Amino acid sequence: HKGQLLVSVLGREAGPWKAAALQVKLVCAACGQDGVLGIYANGTVYQPEFYLNAAQPMEDGELPLLDLVWMGLYRREEGLCGYTDGLAAFGKEEIEVLDTQAAPGDLHSFLLDLASYVLEEDVTFHDGETIGFTEGQYLPISRSAGVWHDGMTLKIPLSGGAVTAPPAYANAPAVKAAGAFVSNACAASAPGGDPAAERACR
């Protein structure tokens with residue numbers, strides 16, 4: 001490539017949500033230029049067409065989640081792994097799923113549901129809590145040194161079963177939100193990768 005354009009927006013009084021929306025709008029405007037090859041964000045390179053399509057939910061007042069958080073997948077001997085990249089920009093910890101036997105599409109959907117829940121409901125997970133997407137499902141949340149990321153990340157396991165679209169349920173004991181429930185004594189507060197594998201699972 002012959003050049004690059006750096007787009008940066010500071011939230012300040014507006015906060016991270018408005019800043020993120022403005023940044024996506026500016027990047028979409030830049031995509032209208034001739035010769036745009038890609039957009040580097042969230043640790044990956046987006047195709048311009050993909051980025052523009054992912055921004056469409058903003059027209060309905062929704063979060064352009066796929067432009068703000070990348071759900072990456074890679075495989076190692078023990079199984080398929082996945083991670084989020086972009087939650088940290090909103091003051092949240094990144095999430096990793098390690099060594100699952102689930103299908104790539106199911107793992108991607110699982111990470112997407114988690115990221116959507118965290119950002120849209122402004123949820124903060126804590127070490128030792130559980131989360132579920134079906135009645136009676138309790139997936140433990142742990143916090144430890146990252147595998148894909150540097151620093152600490154949250155680890156949430158995923159079994160090999162299919163992931164179904166989550167309904168809304170009441171959380172025991174404290175949090176109620178669309179898409180998931182988190183439970184524990186403390187409850188959640190509300191307000192070596194393979195690039196080819198990532199591309200194949202996008």
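Which residues does Leu114 touch, not counting those up to four places away in sequence? In this predicted model, Leu114 touches Ile95, Phe125, Ile131, Phe133 and Ile156. Contact here means heavy atoms within 4.5 Å.

**Basis of the values**

Residues are numbered from 1 along each chain as its sequence is written, and side-chain values use heavy atoms, with hydrogens and water left out. The model is predicted, and local features need pLDDT of at least 70, side-chain atom pairs count only at pLDDT 80 or more, and totals for chains, interfaces and linings use all residues.

**Confidence and overall content**

The pLDDT is the predictor's confidence in each residue, from 0 to 100. Its average over the protein chain is 80, and 78% of the residues score at least 70. Confidence is highest in strand β9 (residues 152-155), at a mean of 97, and lowest in strand β10 (residues 168-170), at 30. Over residues 161-202 the pLDDT is below 50, although this stretch has 104 contacts in the model beyond near neighbours in sequence. Where pLDDT is low, the predicted coordinates should not be read in detail.

The protein chain has five helices and twelve strands. Helices (H or I, at least four residues) and strands (E, at least two) are DSSP runs, numbered from the N terminus. Of the 202 residues, 42% count as buried; buried means under 20% relative accessible area, exposed over 50%, and partly exposed in between, with a 1.4 Å probe and protein chains only. The accessible surface of the protein chain comes to about 10,800 Å², and 52% of that belongs to carbon and sulfur atoms. Accessible areas come from the Shrake-Rupley method with a 1.4 Å probe; for residues, only the protein chains shown count as cover.

**The nonpolar core**

A nonpolar core is a set of buried Ala, Val, Leu, Ile, Met, Phe, Trp, Tyr and Cys residues joined through side-chain atoms within 4.5 Å. The largest one has 43 residues, and those with the most contacts inside it are Val69, Ile95, Phe110, Leu114, Phe125, Ile131 and Ile156. Elements that give two or more residues to this core include α1 (15-30), β3 (70-76), β4 (79-85), β5 (95-100) and α4 (104-120). The largest share, eight residues, comes from α4.

**The sheet**

Five strands form an open sheet in the order β3-β4-β5-β9-β8, with mixed pairing. Two strands pair if DSSP finds at least two bridges between them. The edge strands, β3 and β8 (142-145), each pair on one side only. From one strand to the next, the twist averages 30 degrees. Axes are lines fitted to C-alpha atoms, for helices over the stretch in contact, and angles run from 0 to 180 degrees between N-to-C directions. Helix α4 lies across β3, β4 and β5, and runs at about 145 degrees to β3.

A hairpin of two residues joins β3 to β4, and these strands pair in the antiparallel sense over seven bridges. Within this pair, Leu73 has Gly82 in β4 as its bridge partner, and Trp70 stands opposite Asp85 in β4. On to β5, three bridges join β4 to β5 in an antiparallel arrangement, with Leu80 opposite Thr100 in β5. Strand β4 is mostly covered: seven of its seven residues are buried.

**Individual residues**

| Residue | Relative accessibility | Class |
|---|---|---|
| Asn42 | 18% | buried |
| Glu96 | 1% | buried |
| Asp99 | 26% | partly exposed |

Glu96 is found in strand β5. Leaving aside neighbours within four places in sequence, Glu96 is in contact with a set of residues including Tyr74, Gly82, Tyr83, Gly146, Trp148, His149, Thr153 and Lys155. The C-alpha atoms of Glu96 and Gly146 are separated by 7.8 Å, while the two residues are 50 residues apart along the chain.

Most residues other than glycine have a negative phi, and most peptide bonds are trans. Asn42 has a positive phi of about 55 degrees although Asn42 is not a glycine; this residue lies in the loop between β1 and β2 (44-46). Asp99, also a residue other than glycine, has a positive phi near 55 degrees and is found in strand β5.
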